[in-house]
Amino acid sequence: MKKKILSILLCTALVLGMTGCAGSGKEEKNTSAASENTTTGEEAADGKVTVKLAVWASGAADNFTKAAEEFNKRQDKINFVIDMQNSYAEYLGSKVAANDLPDLFFLNPYSEVQQFAKNGKILDLSDQSFTERIYESSKGSCTYDEKVYAYPMCQEMLGVYYNQDLFKKAGIEKVPETASELKEACEKLKAQNITPFAATFKDAWTLNHALSCMQGGILGDGMDKWIAEMNSGSGTYKVEGYEDVFKTMDLLKENTGSNFMDADSTSGFNALANGEAAMLLSGEFSLLNMASINPDLPVGLFALPMTDNAADTKLDVDTGICVAVNKDSKQLDEALEVLNYISDNSDENGWMFYTANSLGAAPAAMEYKMTTEYQYYNDYMKYMKENKTRPWCYLQLPSGAGGILGEAVQGYMMGSSNIDQTIAELDEDVKGLIQ
């Protein structure tokens, strides 16, 4: 545990205490694009002013680039460049240390945005037009001192993605809404020789996401109080209902086939895409693989049930990426013009068309109608309209939490630690970050 804390501290030291492991780990597991070597403020060969958006490496690389190219076609004064970084935390740390932040850059919501705002590194965007269009539930992710300091670019939804055809084959007529119904669904699938869940547990970040869903499911309306206690150093993961968290972990262990700790996220995503498993506990980004493997596979989405009260079952939806503006950018006007393009939900062929309009794409944090209909997206919108969503737990914990909590859960999944040891490690991890 001390080694994990030291690793995180070294990471955060690079950004002068302002950022954790950017992207919560998952982005760095996906395909990356080569980084542009354009310096902020540099004039391009065609006379345009270069505005750079620094992003962490992800499977959305091509979509971001296509959206930037569309912007560049429309005008002759700005060269909008996507700067994709594999080791984003280290990159951002070096830029902070050199006082050379890019014009626009990705931040994790909540604590990272708040830290950069507190330290005067990013621009107050409260007067920008996007603030009137974003979901009210998204504003907390980009707010500091009651002011908006970043644009919540997209929503991400953690839940159970399932193969509708395999559910039908197993005779599952409705998605599970309680823990008992989820267990029953697993039994029906196994009776048909279908592996219920795809395993991804070799990658610790996937278990961090799973833990966030589970903890949120038992906290209910007490989430804000728990987060405040954890951030003050007085909280614990051992709250009322904690037994249900470990029962759900046991359910996953029992229903992901053999050698489940050997499977990483890519193999798990592919297992759902190939029909090798019926369900996957993950986010919408897991479906990016499906676009090239099996784009016609019918995939639905349901919230992970943690109790036998269906009213407790809500979909975990939160801001996935925030875009901040360097307060000291040499071309603020041009950077804000790019931000206006990125946040325009009325532009039928703009940023959102390329980045939020395809299988596995993260939806915008505002109203936007996809041109192609997907069942999982319809399910997500149903949860949104019925107000059956909740924020992600770990995003509101100290910066760096997403990089270490999953490792504690890995210990339990492998059988090397018991419930009390796992809870003690989780609590110590969070307290270590605070200290």
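Modeller: Helices (DSSP runs of H or I, at least four residues) and strands (runs of E, at least two) are numbered from the N terminus. This is a predicted model, in which local features need pLDDT of at least 70 and side-chain atom pairs count only at pLDDT 80 or more, while totals for chains, interfaces and linings use all residues. Residues are numbered from 1 along each chain as its sequence is written, and side-chain values use heavy atoms, with hydrogens and water left out.

The residue to look at is Asn255, placed in the loop that runs between helix 9 (242-254) and helix 10 (265-273). Is Asn255 buried or exposed? Its relative accessible area is 2%, so Asn255 is buried. Buried means under 20% relative accessible area, exposed over 50%, and partly exposed in between, with a 1.4 Å probe and protein chains only. Apart from neighbours within four places in sequence, Asn255 is in contact (heavy atoms within 4.5 Å) with Cys186, Lys190, Thr195, Pro196 and Phe197.

Some of these names return around Met279. Beyond its neighbours within four places in sequence, the contacts of Met279 include Cys186, Pro196 and Phe197, and also Leu182, Leu189 and Phe302. Met279, together with Tyr237 and Tyr380, has the most contacts inside the largest nonpolar core, a set of 89 residues. A nonpolar core is a set of buried Ala, Val, Leu, Ile, Met, Phe, Trp, Tyr and Cys residues joined through side-chain atoms within 4.5 Å. Helix 7 (residues 204-219) gives this core its largest share, eight residues. A second, separate core has 59 residues, among them Ile78, Met84, Tyr341 and Met366. In soluble globular proteins, nonpolar side chains tend to be buried together.

Helix 7 also packs against helix 15, at an angle of about 90° and with the axes 7 Å apart. Axes are lines fitted to C-alpha atoms, for helices over the stretch in contact, and angles run from 0 to 180 degrees between N-to-C directions. Helix 7 and helix 15 are therefore roughly perpendicular; the classes are roughly parallel under 35 degrees, roughly antiparallel over 145, roughly perpendicular from 65 to 115, and oblique for the rest. Ala204, Leu207, Asn208 and Leu211 of helix 7 meet residues of helix 15 that include Leu405, Val409 and Met413.

Helix 15 (residues 405-414) has another partner, helix 16 (residues 419-434), at about 170° with axes 9 Å apart. That angle makes the pair roughly antiparallel. Leu405, Ala408 and Tyr412 of helix 15 take part in this contact, along with residues of helix 16, including Ile419 and Leu426.

Leu123 counts as buried because its relative accessible area is 18%. The C-alpha atoms of Leu123 and Ala324 are 7.3 Å apart, although 201 residues separate the two along the chain. Leaving out residues up to four places away in sequence, Leu123 touches Val148, Tyr149, Val325, Lys327, Leu332 and Leu336.

For the chain as a whole, there are 16 helices and 11 strands. Of its 435 residues, 59% count as buried. Of the contacts between residues at least 6 apart in sequence, 77% join residues at least 24 apart.
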